[in-house]
Amino acid sequence: MDWSRTKTILIIALLLTNSVLFFVLYGDRIGARTDYENNQNQLTEVLKLLESEQVTVTTDVPTQDLVMTDIRLTYETYEDETMIQILLGENFTNIDGQYLSKDAGVRILETQELVYQLLNPLGGYVETDVDQATEIAKNFLDSVGLQYSSVAHWVTEQQDDGTVLVEFRQIEDGYFVENAYMKLIVSNTSVIELRRKWFGAIEVQDTSKIVESPAKALFRVLSEIDGNTDIQRPVEIESMDLGYRLISNILTINFQEGEPMPYWRFRTAQGDVIYIEAQTE
Amino acid sequence: MNREMFKSATLVSLFILCIVLTGQLMLNLSTDRQDNAVQALSINKTFDIKEVFGPQSFIISFGGGIYTQNYTEENSTLWEATQLELISYLLSQENLSNLESIDEMRWVELIKSRAVRFRLPFNMNLSEMQIMLGIEPNEDENAVKFNSILISTHDQEGIYFGNDEEASYYRLNGDKWSNEILTSINRIESNTQIEYRRVEDLFGLQDALSEEKTQENNSIFPITSMRVDFVNVIPEVDVRASDDSALRSYANKAFGKQFNFVKKMRDVDQSVVYLYGYANKALRLGTDGTIELTQRLSPGTKVESISLSDAVQISLGYIDQYGGAPSSLYLTDYSMVTDEDGNQRYTLEFDYRIQDMTIITEGLESGHSVKVELIGDHLSNFSRSIHKFKDSFMLDIYPRALTINEVLERNSKVIQSDYESNLSLDEGVELTEAEIWTRILRDISHVELSYYLEQDKKYLYPVWKLDIGSSSYAFRLYDGRLLRSRTK
């Protein structure tokens, strides 16, 4: 028997078998890498398509690494009264769960939401300057030590009663974290109300998720715009961010802690916000 | 020679690589299969539907106007014997074609005789009974629905079916039924603790109601009472346990091995919620031990139609998968509607007993221990709140149990005002208090000893459950305190 020849035939047969097995097992990843390389081309195509549908993108399309680490969020609670001391000073009383000082009060709703209110706002509810209100709100947060790196200004809006609402949201490591906020109401030159629901501990897990490419997300925005009667064309997308958002279902009532899902968030010049699920199945 | 050695080395390496890759492939395939297997588990197993077809109550008449109603071991023997007779009666086409109508007088005469009356958990026609007995149903959609089955010793060659609401009664002719039923009645008579009378006989309603003769109230009313133990129970799920492996195992059942897409949440009340993907599927394990599962079906999806028998099978599959079925589990009610997508939507509700008594759980939205909602063969919602028996105890501070009569006296104001608020305006003005009470008694449809589980409590309190017209009450057995009133 010619062993040398048999070996050669067996080597060829095994090479072929292994190639087939390798392709079956890891073929999709090879494809994925090709997708990644084609991303730029895809993006140009999608932007062209959006333009033809009267949707323009004026923001830079992010080129972040498309992998997001899983995190676990826990809402801050206020049992230790530290925050209440910061807002009301040393002299306050607790009457039926409501903390009162001589000129302000604090209530805690559902253990998670803190509501601070001035009892007798100076001059009442008056017409307030929108541009100044944001500064006043920021200064207030500074003065009570709540203006840290995870606080990002979201919106400033004039209310029907003339006061101005200034909203801040949470950002962690460059990713937005929804379902948390600080809403301040500014009247004249002072903050008359603060509502705060904020994530305290953020636990970083050792798993991560591949995120849908910006091109695909932009493509999906189109169907969201079609399905939303409130959004009128032409649409200008002025921001596009990646971040986390807690998802809900009819079985969820009021989270205290949980693992959020990755989302793309688009904001139009008209102020509409569109969320696109960013995790690929 | 070196060349040959190199070839041999390459050959060995390629062979090892081939084995590794094949192993990897097999592993991937088996994971996929396991995921599917978990989902398919509920469908592959076949259950005996007969086991969840049980009466809501057994009313045994010893003749001479004396009755009892209980759920002892003896009753299950009685019901099993009756099921066998029903199967043989309902299998014969000849019997079915001879279903004859009887008048109310004959029905009353029979229920007063030495007999057993099974109050069905919901109104069902003969083909639904056939399905619940596991036999091929005869298609007859418009058939009369019944709420009770009667077997009287006065007629051993027939089984009777009645609908008290419509006052329609029927006799199904068949072979002489087994003596086992007679023996059971005798045994129950010797062990009876609570005596009942027919509401009609007890209160003489026909004489008291001045209006023209109305339908008789054939429900039975207990005239004595008995001490019943309190029962400590444990919920099936403990979300506060430090070890979450039990919770994880429920999540594994719901989502298979694909835990990569599952998010774990905790509510303010400590309930744990697992969400799959973007909440297409969710599992909630409540602080009160409730298990809830929901699965979204994309709008416009057309699913395969299924029969009632399949719906019961699928429901039992899920009940089995999430903690198993208690032996006393029975189907309490079901409904089927066709939605805008042309899909059949089934809702099936189940209840169970502890120590032979039904459980009323406070705060259950559906009022039933298990609720399964199906769209065709797709499970859309599943909820289950079942507690396990731990031990029983008695409190010496309660020397005796109250009779339902005493309970009625203590709560007469509430019952009367509820009844009056349900009367139409002109009806209420004309009636005296005595007339209102005659009507209240006329409308008593059911009195039963049950257990009541209050929210956040770990024991069952024995109660009198009383149904009057569209209202249902639960009163504590030992002090008569009203725990729950509900209007359908």
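Biologist: How does the lining of the largest pocket divide by class, into nonpolar, polar and charged residues?

Modeller: This is a predicted model, in which local features need pLDDT of at least 70, side-chain atom pairs count only at pLDDT 80 or more, and totals for chains, interfaces and linings use all residues, while side-chain values use heavy atoms, with hydrogens and water left out. Ala, Val, Leu, Ile, Met, Phe, Trp, Tyr, Cys and Pro count as nonpolar, Asp, Glu, Lys and Arg as charged, and the others, Gly among them, as polar. By these classes the lining holds 10 nonpolar, 19 polar and 16 charged residues.

Biologist: Which strand gives the largest share of that lining?

Modeller: Residues are numbered from 1 along each chain as its sequence is written, and chains are lettered from A and ligands numbered from 1 in the order in which they are written. The pocket is lined by 45 residues, with B:R119, B:S445, B:H446, B:D467 and B:K488 nearest its centre. Strands (DSSP runs of E, at least two residues) and helices (H or I, at least four) are numbered from the N terminus, and those of chain B that each supply at least two lining residues include β22 (444-453) and β23 (459-468). The largest share, six residues, comes from β4(B).

Biologist: How much area is buried between chain A and chain B?

Modeller: Contact, meaning heavy atoms within 4.5 Å, takes 43 residues from chain A and 37 residues from chain B. Buried area is the accessible area (1.4 Å probe) that two parts lose on being put together, summed over both. Carbon and sulfur atoms give 64% of a total of about 3,500 Å².

Biologist: Which residue of chain B forms a salt bridge with A:K7?

Modeller: A salt bridge is a side-chain nitrogen of Lys or Arg within 4 Å of a carboxyl oxygen of Asp or Glu, and the rule finds two across this interface. For A:K7 the closest N and O atoms are 3.4 Å apart, and the partner is B:E4.

Biologist: In which element of chain A is confidence lowest?

Modeller: The predictor's confidence in each residue, pLDDT, runs from 0 to 100, and chain A averages 86, with 94% of the residues scoring at least 70. Within chain A the highest mean, 94, belongs to strand β8 (residues 164-172), while the lowest, 80, belongs to helix α1 (residues 3-52).

Conventions. 1 Å grid on protein atoms, 1.4 Å probe; cavity = no way out; pocket = protein on both sides within 12 Å on 5 of 7 lines; lining within 4 Å.
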